[in-house]
Amino acid sequence: MSNILAPSILAADFKILGDQIKAVADGGATYLHFDVMDGMFVPSISFGMPVMTSIRGCTDLFFDTHLMIEKPDRYVEEFAKCGADGITFHIEADPANALQTIRHIKSLKNRNGEPLRAGVSIKPATPIAAVLPLAAEADMILVMTVEPGFGGQKLIPETIDKVRALRAFVTAEGLDTDIEVDGGITEGNIADIAGAGANVIVAGSAVFRGDAKANTARLTELIG
Ligand code: DX5
Ligand code: ZN
């Protein structure tokens, strides 16, 4: 399983979003991370369906959709229609319906007729025990390495142990579940977090502050 860098457009320059997407693709990115925030589940509001719809036609990158919203199951079909390839929701947003939401996401098709990939995310304070029962059905588990809601924060060191423990569980169970991390990833810590077992790595500021193409190429090289 090769490691994947997922540039987060939350940190992109929206005046030139199309150019920024081309830059990360030219730098070797295969994923693009969408941080959808509703101002309720997290204190910020970011962007939603219109932005995804407007850029779907200009790139073939995998749209890795991170829903930081209340009751996420309400919107999975909308985001599938707008071009999502994967949808990740927070277990804290609707714990009672987590398995149903995973199955709902996987029942949907992307623009190529392929099943959407389903992810479930945990905040830094949520133990991995909350998602272990879902690991066999989820395609990916996102371990937040910052408190969701804002880009440009510092990685919370304790979350690295959560990644390590989750990777050990997935391996012991013989699962091929992806483990994603998101928040505070830099050139200085990306190799460690990959070494702990994350294989999908979100980076916003570290990619889009400066030369997005060169930053993407360098970070991709560091995760091997
Ligand atoms: C937090 C967001 C951010 C973003 C990445 O809710 O999910 O973590 O993707 O931000 P950086 O890489 O700038 O910390
Ligand atoms: Zn995110």
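The following dialogue explains how to read several features of this predicted model.

Reader: Which conventions apply here?

Author: This is a predicted model in which local features need pLDDT of at least 70 and side-chain atom pairs count only at pLDDT 80 or more, while totals for chains, interfaces and linings use all residues. Residues are numbered from 1 along each chain as its sequence is written, chains are lettered from A and ligands numbered from 1 in the order in which they are written, and side-chain values use heavy atoms, leaving out hydrogens and water.

Reader: Which residues of the largest nonpolar core touch the most other members?

Author: In soluble globular proteins, nonpolar side chains tend to be buried together. A nonpolar core is a set of buried Ala, Val, Leu, Ile, Met, Phe, Trp, Tyr and Cys residues joined through side-chain atoms within 4.5 Å; buried means under 20% relative accessible area, exposed over 50%, and partly exposed in between (1.4 Å probe, protein chains only). Here the largest core has 62 residues, and Ile9, Leu32, Ile193 and Ile201 touch the most other members. A second, separate core of seven residues includes Ala6, Phe62, Met140 and Val200.

Reader: Which way do the residues of strand E1 point?

Author: In a regular strand the side chains alternate between the two faces of the sheet. Helices (H or I, at least four residues) and strands (E, at least two) are DSSP runs, numbered from the N terminus. In E1 (residues 4–7), Ile4 and Ala6 point one way, Leu5 and Pro7 point the other way, and all are buried. Strands pair if DSSP finds at least two bridges between them; E1 pairs with strand E8 (residues 200–203) in the parallel sense over four bridges. Within E8, alanine 203 stands opposite proline 7.

Reader: Which residues come nearest to ligand 1?

Author: A residue is near a molecule if one of its heavy atoms lies within 4 Å of it. Of the 19 residues around ligand 1, Asp35, Gly149, Asp182, Gly204 and Ser205 come nearest. A polar contact is a pair of N or O atoms within 3.5 Å; within protein, one must be able to donate a hydrogen and the other to accept it, and residues adjacent in sequence count only if both atoms are side-chain atoms. A polar side-chain atom of aspartate 182 lies 2.8 Å from an oxygen atom of ligand 1, and a backbone N or O atom of glycine 152 lies 3.0 Å from an oxygen atom of this ligand. The side chain of serine 205 reaches the backbone nitrogen of glycine 152 at 3.5 Å. Serine 205 is in helix H7 (residues 205–208) and is buried, with a relative accessible area of 18%.

Reader: Is isoleucine 45 buried or exposed?

Author: Isoleucine 45 counts as exposed, at 71% relative accessibility. Its place is in the loop between strand E2 (31–37) and helix H2 (49–56). Lysine 71 is partly exposed, with a relative accessible area of 43%, and has a positive phi of about 45° although it is not a glycine.
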